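Visitor: I would like to learn how to read strand pairing in a model. Could you walk me through it?

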Amino acid sequence: MKQTNLFRLSGFLFTVLCVFAVLFNSCKKDEDKPNVDQYEPNNSITEASLVAFNAEINAWLTDKDDVDFYKFSGTASGKLDLLKFMLTNNSPDANFTITIYNKNKEEIAQAPYAGSGVNLNCQMTTNEAEFYVKVSGKDATSYPANYTLMVGFANVADKFEPNDNITTAALFPLNKVEECNLLPGDIDFFKIQDLSKENVWDVYEVKLVNKSTDMSPAMSFFDASKTEIEGLETIAGQGKDITKQIFMKSGADNAQYLKIYTLSPLVTIPANYTLEVVKKNLNEASEPNDTYSTAQEITVSGTYQGTVVKKMGIDLKGDYVEDGDIDFIKVIVPAGKRFGFTVSGINIKYDRYSPVYYSTGVPEIFGSKNRDTDSWMTTTWGAINSVAYYYFAFKSTADLAIWSIDIEIKD
Ligand SMILES: [Ca+2]
Ligand SMILES: [Ca+2]
Ligand SMILES: [Ca+2]
Ligand SMILES: [Ca+2]
C-alpha cells in the first residue's frame, strides 16, 4: 500500500483518506451496460481516456489483467480543496483499487484495495486540477467486472482562500466573526490592518473559536515587513480555542499578518473555526498625537489624562530604541497668565519642552529628558507679555500606562 496520509509532492500537498462502505451492489442491471467499453483502449497512462470532473464513468475491467486509465483536467482555482474519488463496485466479488498520478504522470497515491464487492471512496487535498487515475482490481470470479467512477471537487474552501502563504494573505475585517476552515496541509494567512486613522496604536483581540475536535490550533504573527514577531506564537490542544491580544498601529503603512495552522492531523475534514479581530479602542480620542505638530491642545485649567498604549523600548544607555506610543500635549497660555502643572502616572516618562512664542514654532526639549518614574513636580513660570506654548511628550516603559497632568492657568 502506498502512502495514505499526509505527503508532499512538487510543492503541493495531498492527503488521501479512504472510506470503505461495505455495500454490495445489486442495483446495476445488465441492460445499463453498453456493448463496448467506450473508454477503451485506456490500458496505459499515455492512452488515458479524457473525462470531465463530476462525470459518471460506467466501465468494466474486461479481464484480470485489464487496467483503465482516465485523465481529469480542469481549470485550477488556486484554492486548496478536497478532491473526492468515488468508485461504486457493481461487481459481486471484484476487489478494486485506484492509483492517482499528477499532471506529470508521476504516481502520488494508491488507495488500499477496498475488498471484494466493496465500494471505494477516497479524498485528498490539492490545489491542482489535472490528474490521471488508474482503476485496477483483483479477485473477481467472472469478467467483465463493472464499476462506476466519479471524481470531483467538494468546493469546501472558505471565502478567504487562497491564503496559504503570507504573500496571498487575505485582508480580515475588524470586529466581525467569520467562518473559516483548515484542510489537511492547509495554512491560513490573514492581513490585519486598521485604516480608520493614521498611526494610532491600539490593542486588538484575536479570537479563534475551534469548531473541530481534531484541530490543535496554532497562531503566529508577522509585522508589516512580513518578519515573524517573536514571543507571540500561541498553540492550543485539540479542540481548544485561542485568544491573543496584539498591539498594532493603524494606517496604510502598518499591518500585521496572522498565520493559523494545525499541529495535529485532521480526521474530520474540513476543520471549521471562527475568527474575530476585535479592536479594543484603548487609546484616547485626541490620537494621533505622537508629534508636537499633532499635539492635543489644552487651553483651560483642569486634569487631563491619556494612555500610552504601547511602551517604548529603552536600551542600556537609556535611549528609546523601539517604536511606541507618544502622547503630546500643547498647553496654550495667554499673554500675562501664569502656568503650573503636576504630572503623575505609573511607568510614565515625559519630555518637557522649552516654551515657544508662536503657534508654529518648533519646540526643543528643555534640558535633559525627564525619565523619573512615578515622579511629580509643579512648576510655575512668571507671566510674560506674549502667548506661550508649552509642549509635553508622555512615554512609558510599560504597555497601557496612564498619564495624568493637572494644569493650572492663572493670573
Ligand atoms: Ca482498460
Ligand atoms: Ca488556506
Ligand atoms: Ca495615547
Ligand atoms: Ca499617541
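Guide: Gladly! Let's begin with one pair: S22 and strand S24 (residues 327–333) run parallel, joined over 3 bridges. Strands here are DSSP runs of E, at least two residues long, numbered from the N terminus, and two strands pair if DSSP finds at least two bridges between them. This is a predicted model, where local features need pLDDT of at least 70, side-chain atom pairs count only at pLDDT 80 or more, and totals for chains, interfaces and linings use all residues. Residues are numbered from 1 along each chain as its sequence is written, while chains are lettered from A and ligands numbered from 1 in the order in which they are written.

Visitor: Which residue is the bridge partner of Glu297 in S24?

Guide: That is Lys330.

Visitor: What holds such strands together, and in what order do the strands of this sheet come?

Guide: In general, strands of a sheet pair through backbone hydrogen bonds, either parallel or antiparallel. Here 4 strands make an open sheet, ordered S22-S24-S28-S26, with mixed pairing. Strand S22 (296–298) and strand S26 (348–352) are the edges, each pairing on one side only.

Visitor: Which strands run antiparallel to S16?

Guide: Strand S16 (residues 201–210) is antiparallel to strand S19 (residues 242–249), with 8 bridges, and Trp201 stands opposite Lys249 there. S16 is also antiparallel to strand S21 (residues 271–279), through 7 bridges; in that pair Asn210 faces Tyr273.

Visitor: How many helices and strands does the protein have?

Guide: The count is 0 helices and 29 strands, a helix being a DSSP run of H or I of at least four residues.
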